[in-house]
Structure formats: C-alpha cells, structure tokens
Amino acid sequence: MRVLLVEDSPILGQTLHDHLERHGHACDLARDGEQALAHLRDPRYDAVVLDLMLPKLDGLDVLRWLRARGDAVPVLVLSARDQIRDRVEALDAGADDYLVKPFALDELLARLRALLRRPAHALPALLQHDGLTLDPRLRQARYREQSLPLSPKEYALLEALLRARGQVLSRTQLFERLYDHGSEASDKVIEVIMSTLRGKLARVGIGNLIQTRRGFGYFIP
C-alpha cells in the first residue's frame, strides 16, 4: 500500500518511514500540516498516518480538510494526547483509528492492515437534492455554497426525509428515528423541530422542500 506519514519528529518520522518501507509499503513523509495538504491534494494514498501536534497546521485541521473534500482515505491518528476527549475529538473529525504514543511498530502495521480490510465505501455517500448537500460522516449540511447551521435534531430530521425521499414519514416514524426508547418527550416535538428546520431552510432560499400530507406525515418529493 501507499502511505502518507505526517510526523514532525525527525527521529520518529524516519523510524516509521523506514519500518513501513521495510515491510513493502511505499511511504511519503510530511513534516508539517502544510506539507500534508500538499501531498493530499493528489489522492493517491491507501492510508494516512497522522500526528496531531504539527507545525504550521494542526493535525485535526488537516483531518477536517480531508473529510470536507469528501476523501474517504483511512486515517490512523498517532498522538501523545491520551485523554478520552482527545480521542473523541479526533474520531468525530473523521479519524478511523487512534493510537497513543508510545506504541509498538508491529501494532501500527496491524492497525493499518485492519483499516484496509474495511469496505472501500466506509465513508457514507453524500446526500444531494436540488442544490442541497448533506454529509452523513461530518453531519454537515450545505445549500449551494452556503453552510446550513442545523442543530443535531434538525440535521437528523432532514437526513431521515432525504433518505426516504418520495415516501411519507409519519410523526411517530420520525420520532422513533430521532429519539431513543427511553425518551420522555412527546412525538409532538417533531412539529417543533420541523418548524425551526423549515425556517432555516427558508432563510437560505429553500422554499417548499418539505411537504406535509395532512393526517399522514411529511415527505420530500
């Protein structure tokens, strides 16, 4: 496989580079975040090994840039940050795995092999409809060139309707997709979320995207 290694430590970077090469992998080495972006503009890699604390551009920013452009290349994060919140932040930003320094070189190789065994379509496809784009991996919505600042529930509601495009979903069906079984909320909360969602869509120029079939539910034609 062809790997991009992003590591600013000269000793560790060269050690990892040589280890990957010895095991038959082609490996490019970037020393900072800007070099990483330069390499990643040409999508020729099978995997990326990414340090977080980088000069010029933080590793998380590199990761977010990569996912924002729709690149599904597997990313293994290497970091000395060992707190749960650090792992959560990296995984939410689009990392596929997280390995804390120090680590065993053989474990790194094993984790890379595991990532490459995953389906090539691990990054969910974008949902698109008439200028509206939803990215299920990043949970972001855009209309043409405008960002849609949706709440988690508004996003989930819009995604559910787009995935079922052409089908009418009842208030109860939507509630079951947005809330767990232990929720104390009423399914009438869907009407509130629908109202705020429609308001945000209208503000960016999306008029009657979500239709109501009175007595049955909601749908996107």
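Two strands pair if DSSP finds at least two bridges between them. Helices (H or I, at least four residues) and strands (E, at least two) are DSSP runs, numbered from the N terminus. With those terms, the sheets of this model can be read.

This is a predicted model, in which local features need pLDDT of at least 70 and side-chain atom pairs count only at pLDDT 80 or more, while totals for chains, interfaces and linings use all residues. Residues are numbered from 1 along each chain as its sequence is written, and side-chain values use heavy atoms, with hydrogens and water left out.

Start with the whole chain. Its secondary structure comes to eight helices and 11 strands. The C-alpha atoms fill a box of roughly 65 × 35 × 30 Å, taken along the principal axes. Of the 221 residues, 43% count as buried. Buried means under 20% relative accessible area, exposed over 50%, and partly exposed in between (1.4 Å probe, protein chains only). Contact means heavy atoms within 4.5 Å. Take the contacts in the chain with a separation of 6 or more: residues 24 or more positions apart account for 53% of them.

Now turn to the sheets. Strands of a sheet pair through backbone hydrogen bonds, either parallel or antiparallel. This model gives an example of each.

The parallel example is an open sheet of five strands, in the order E2-E1-E3-E4-E5. E2 and E5 stand at the edges, each with a single partner strand, so one side of each has no neighbour in the sheet. Neighbouring strands are turned by 20 degrees against each other on average, direction ignored. Axes are lines fitted to C-alpha atoms, for helices over the stretch in contact, and angles run from 0 to 180 degrees between N-to-C directions.

Look at strand E1 (residues 2-6). Four of its five residues are buried. Five bridges join E1 to strand E2 (residues 26-30), and the two run parallel. Arginine 2 has alanine 26 in E2 as its bridge partner.

Leucine 76 is bridged to aspartate 97 in E5. Serine 79 is bridged to valine 100 in E5.

Is E5 covered on one face or on both? In a regular strand the side chains alternate between the two faces of the sheet. In E5 (residues 97-100), both faces are covered. Asp97 and Leu99 are buried on one side, and Tyr98 and Val100 are buried on the other.

H1 lies across E1, E2 and E4, and runs at about 165 degrees to E2. Helix H4 (residues 84-92) lies across E4 and E5, at about 150 degrees to E5.

Helices also pack on helices. Two packed helices are described by the angle between their axes and the distance between the axes. Helix H1 (residues 10-22) and helix H5 (residues 105-116) pack at an angle of about 60 degrees, with their axes 11 Å apart. That makes H1 oblique to H5. Angles under 35 degrees count as roughly parallel, over 145 as roughly antiparallel, 65 to 115 as roughly perpendicular and the rest as oblique. From H1, the contact uses Thr15, Leu16, His19 and Leu20. From H5, it uses Leu105, Asp106, Leu108, Leu109 and Leu112. By class, the contact of H1 with H5 has six nonpolar, two polar and one charged residues. Here Ala, Val, Leu, Ile, Met, Phe, Trp, Tyr, Cys and Pro count as nonpolar, Asp, Glu, Lys and Arg as charged, and the others, Gly among them, as polar.

The antiparallel example is an open sheet of four strands, in the order E6-E7-E8-E9. Its edge strands are E6 (127-129) and E9 (146-148), each pairing on one side only. The twist averages 20 degrees from one strand to the next. Four bridges join strand E7 (residues 132-135) to strand E8 (residues 140-143), which run antiparallel. Aspartate 135 stands opposite glutamine 140 in E8.

Glutamate 159 lies in helix H6 (residues 152-163). Glutamate 159 is buried, with a relative accessible area of 12%. Not counting residues up to four places away in sequence, glutamate 159 touches Leu127, Leu134, Pro136 and Arg139. Glutamate 159 and leucine 134 are 25 residues apart in sequence and 7.3 Å apart in space, C-alpha to C-alpha.

The axes of helix H7 (residues 171-178) and helix H8 (residues 189-203) come within 9 Å and cross at roughly 85 degrees. That makes H7 roughly perpendicular to H8.
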